Amino acid sequence: MIKVNAIGQTCPMPVIMTKNALKNITEGTIEISVDNKISKENIEKFSKEMGYSFSSKSEGDIFLIQIEKKSSLLNVNESVKLENDDTVIVIASDKMGDGDSALGETLMKGFIYTLTEMENLPKAILFYNRGVFLTASNESTIKDLKTLEERGVEILSCGACLNFYHLETSLGTGSVTNMYNIIEQQIKAKKVIRP
């Protein structure tokens, strides 16, 4: 049995560690250790969505989730790898959601990192207003965005926004775009996601 220690890891890492451990085996059982109920429930939900059987128990403050992967039941979600679709993601801030700024920044970094772990990727990610800080001054998101770009995702930053924030010489990944293209990309997209 493969053991995955996700103790101390915050969302989305326990689920990503689980997904990667399952990806590396054709069949067998993995056991994931986590130290909070939300991570346990997220892993259980992921397992259910992927069609894996699982069981959970607790030992003190630690939750142990065992997931069984059977080769004869290769999950449809796992076996079908789609090309980048016509989804466009629009990011207008360097934070995700309203409320606490530090939490918003953490959530946005987590969102972009999690995108790198997805099988199906968007066609493009558009950055405008304070979203351009993620392509021009945030080293951790630039690294993840470069990974996405290497996988075929178009990374586009609003030129006027880069100029406004004096970031025009700092663009770390992707290319500069304009309002016409920002609108066109959204009109042509089958789906637009705004985190």
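Phe133, Phe164 and Tyr165 are linked into a cluster by ring pairs (Phe, Tyr or six-membered Trp rings with centres within 6.5 Å; planes under 30 degrees apart are stacked, over 60 edge-to-face, the rest tilted). The model is predicted, with local features requiring pLDDT of at least 70 and side-chain atom pairs pLDDT 80 or more, while totals for chains, interfaces and linings use all residues. Residues are numbered from 1 along each chain as its sequence is written, and side-chain values use heavy atoms, without hydrogens and water.

The count of aromatic pairs is 2. The ring centres of Phe164 and Tyr165 lie 5.0 Å apart with planes at 90 degrees, so this pair is edge-to-face. Phe164 is exposed, at 60% relative accessible area, and Tyr165 is partly exposed, at 21% (buried means under 20%, exposed over 50%, partly exposed in between; 1.4 Å probe, protein chains only). The charged end of Arg130 sits over the ring of Phe133, 4.2 Å from its centre (CZ of Arg or NZ of Lys within 6 Å of the ring centre and within 35 degrees of the ring normal). Arg130 also lies over the face of Tyr165, 5.6 Å from the ring centre.

Helix H2 comprises 14 residues, 37-50 (helices are DSSP runs of H or I, at least four residues, numbered from the N terminus). Its buried residues are Ser39, Lys40, Ile43, Glu44, Phe46, Ser47 and Met50. Viewed down the axis of H2, these fall within an arc of 160 degrees, so they line one face of the helix (the arc is taken over directions from the helix axis to the C-beta atoms). Lys37, Ile38, Lys45, Lys48 and Glu49 are exposed on the other side of H2. Gly51, with a positive phi near 85 degrees, follows H2.

Conventions. Helix = DSSP H or I, 4+ residues; strand = E, 2+ residues; numbered from the N terminus. Expected span 1.5 Å × (residues − 1).
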